[in-house]
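Please take a first look at the protein shown here, together with its sequence.

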Amino acid sequence: MSGYRTLPVPDGLDGMRVDAGLAKLLGLSRTVVAALTESGDVVLDGQPAGKSDRLVAGSVLEVTLPEPERPVQVQAVPVEGLLVLHEDDDVIVVDKPVGVAVHPSPGWTGPTVVGGLAAAGIRIATSGAAERQGVVHRLDVGTTGVMVVAKSEHAYSALKHAFKERTVDKLYHALVQGHPDPTRGTIDAPIDRHPKHDYKFAVMADGKPSITHYEVVEAFRAASLLDVHLETGRTHQIRVHFSALRHPCVGDLTYGADPVLAKRLGVTRQWLHARTLGFHHPADGQWVQFTSEYPADLRDALELLRAEGY
């Protein structure tokens, strides 16, 4: 998307900040919109607009957009620790290690799942954007565990539909600080980009519907181990929801975790693991389910909690 746009402000954006409203209208990040306002490329009713100015329904936005970035190319580079749990003609199920992105993105120079699969000579579906072909869902760079990638075009379509319709069972294990009350419940709170920090997300009244189900399975003095089922799949959903409850994932300093506890447990990222993934197989509709074991850092932190009674 590039060039010049004239956009009337719809009723639904009345009273919203310029950066938030324009981001929604054009599908851009707030960081990009903020840069546009700073360079004078956003005009509201004939006057240069600041990112924190408020929109008024019926007003006219004039926006000069930058040239689009070139697509990020997939680099076929082996990924240490990327394990194949299952592979057939339609899907490949992998165990993603920490520090690995699912696909390339601007600014990311580290290893990726799709790059690791390419290096292993595994062909995946060509559907989707060039840098994330075959990808039907994602895990954060700092989150480990099980995920599926489509190999056939039919599988890509079927799995995308399954994730959209929420027929996929996604079970995570999360170690959170403190003790959630009640010990079993549902968090129904919309999520959108953080109003001040573009790299973060937050519970926002005008965000996308986000639903998380949880149950405490083991309690310690300073933390609780949870089963977490995602009904929706927003970016950082588990991390944001439990941070909003003041029970952030252990080690998740981005969302308010206690650095002292993280250091005591030897955790250098969020204690969050995609434990099991179940779905109807695209080939025959049969239910299949795959499980990922804890990586060493998460397992060691749990053993320390159990042994020393933290």
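The model is a predicted one, and its secondary structure comes to seven helices and 15 strands. Of the 310 residues of the protein, 48% count as buried.

**Overall form**

- A compact globule with 310 residues would have a radius of gyration near 19 Å, and the protein, which has 21 Å, therefore agrees with that expectation.
- Taken along the principal axes, the box that the C-alpha atoms fill is roughly 65 × 45 × 35 Å.
- When contacts between residues at least 6 apart in sequence are considered, 63% of them join residues that are at least 24 apart.

**Surface and charge**

- The protein exposes about 15,200 Å², and carbon and sulfur atoms supply 50% of that area.
- There are 31 positive and 38 negative side chains in the protein, and the centres of these two sets lie 3 Å apart.

**The annotated span**

- In an unreviewed entry, UniProt lists residues 90–244 under the heading "domain: Pseudouridine synthase RsuA/RluA-like".

**Helix H5**

- Helix H5, which covers residues 237–244, is mostly covered, since six of its eight residues are buried.
- The buried residues of H5 are Gln237, Ile238, Arg239, Val240, His241 and Phe242.
- After H5 comes Arg246, a residue whose phi is positive, near 65°.

- Val146 is part of strand E7, which runs over residues 144–150.
- Is Val146 buried or exposed? Its relative accessibility is 2%, and because buried means under 20%, Val146 counts as buried.
- Leaving aside residues up to four places away in sequence, Val146 touches Leu85, Val93, Val94, Asp95, His137 and Leu139, and also Ala274, Arg275, Thr276, Leu277, Phe290 and Ser292.
- Val146 and Gly81 stand 65 residues apart in sequence, while in space the distance between them, C-alpha to C-alpha, is 13 Å.

How values were computed. Residues numbered from 1 in each chain as written. Predicted model: local features only at pLDDT ≥ 70, side-chain atom pairs only at ≥ 80, totals over all residues. Heavy atoms only, no water. Helix = DSSP H or I, 4+ residues; strand = E, 2+ residues; numbered from the N terminus. Rg over C-alpha atoms; globule rule 2.2 N^0.38 Å. Buried < 20%, exposed > 50% of the residue type's maximum accessible area, 1.4 Å probe, protein only. Contact = heavy atoms within 4.5 Å. Areas by Shrake-Rupley, 256 points an atom, 1.4 Å probe, with all protein chains shown as cover. Lys, Arg positive; Asp, Glu negative; His and termini not counted. Charge placed at Lys NZ, Arg CZ, Asp CG, Glu CD. UniProt positions renumbered as here; feature names shortened; annotations may be inferred.
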